[in-house]
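Okay, thanks for coming, everyone.

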Amino acid sequence: MSPLKLANRYMEIFYGGESIDTLASIFSDEFSFKGPFYEFNTATEYIKSLKVDPPREVRYKIIETYENETSACLIYQFSKPGISTIMSQIFEVTNGKISRILLVFDTRDFT
């Protein structure tokens with residue numbers, strides 16, 4: 001699966017109400033996540049955090065996407081009740097699985 005297809009699959013799972021456990025099938029063994037509020041060094045840690053505090057009433061609308069051989073970038077409008085902001089995620093891919101996610105957004109609306 002291409003980096004962009006993997007990134008889109010991640011978004012379908014995260015925002016589409018599928019079981020969060022499904023993410024494990026697209027994450028590599030050396031997975032890491034870094035965002036403004038949280039950082040995780042394994043897929044297990046990240047998935048566990050999403051189970052404790054699952055995404056609720058969230059939506060997104062893609063603004064732009066970019067892809068090269070080993071990564072994809074999604075820029076999108078994120079929204080949930082009371083919050084709407086532009087977010088960007090970079091998905092690095094190794095051996096056909098997501099190995100790293102970098103999430104970037106202005107935290108002002110969340111604090």
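**A walk from the first helix outwards**

Let's start with α1, whose buried residues are P3, L4, L6, A7, Y10, M11, I13, F14 and Y15. Before I go on, please keep in mind that this is a predicted model.

So what covers those buried residues of α1? The cover includes β1, α2, β3, β4, β5 and β6, with β3 running over 59-67. At 1.5 Å a residue, the 14 residues of α1 should span 20 Å, and the end C-alpha atoms are 19 Å apart, so the two agree.

Okay, on to the core. The largest nonpolar core has 32 residues, and Y10, L23, F27, Y46 and I98 are the ones with the most contacts inside it. Which elements give two or more residues to this core? They're α1 (3-16), β1 (27-34), α2 (43-52), β4 (71-80), β5 (83-94) and β6 (97-105). The largest share comes from α1, with eight residues.

Leaving out anything up to four places away in sequence, Y46 touches Y10, F14, L23, F27, F31, F33 and F40.

As a reminder, rolling a probe the size of a water molecule over the atoms shows where empty space is left. The largest pocket here has a volume of about 660 Å³. Its lining takes in 25 residues, and F14, Y38, L50, D53 and K80 lie nearest the centre. The elements giving two or more residues to that lining are α1, α2, β4, β5 and β6. And what's the lining like by class? It has 19 nonpolar, three polar and three charged residues. Notice F14 turning up again: it touches Y46, and here it is among the residues nearest the pocket centre.

Now a couple of serines. S71 and S79 are in strand β4. Is S71 buried or exposed? S71 has 16% relative accessibility, and the cut-off for buried is under 20%, so S71 counts as buried.

Skipping residues up to four places away in sequence, the contacts of S79 are E57, V58, R59 and S84.

That brings me to E57, which sits in the loop between α2 and β3. E57 isn't a glycine, yet its phi is positive, near 50 degrees. E57 comes out at 64% relative accessibility, and exposed means over 50%, so E57 counts as exposed.

Last one: N95, in the loop between β5 and β6. N95 is another non-glycine with a positive phi, about 50 degrees. Its relative accessible area is 76%, so N95 is exposed too.

Okay, that's the tour. Over to you.

How values were computed. Residues numbered from 1 in each chain as written. Predicted model: local features only at pLDDT ≥ 70, side-chain atom pairs only at ≥ 80, totals over all residues. Heavy atoms only, no water. Core = buried A, V, L, I, M, F, W, Y, C linked by side-chain atoms within 4.5 Å. Buried < 20%, exposed > 50% of the residue type's maximum accessible area, 1.4 Å probe, protein only. Helix = DSSP H or I, 4+ residues; strand = E, 2+ residues; numbered from the N terminus. Contact = heavy atoms within 4.5 Å. Expected span 1.5 Å × (residues − 1). 1 Å grid on protein atoms, 1.4 Å probe; cavity = no way out; pocket = protein on both sides within 12 Å on 5 of 7 lines; lining within 4 Å. Points joined across faces, edges and corners; volume = space filled by probe spheres on them. Nonpolar A, V, L, I, M, F, W, Y, C, P; charged D, E, K, R; others polar.
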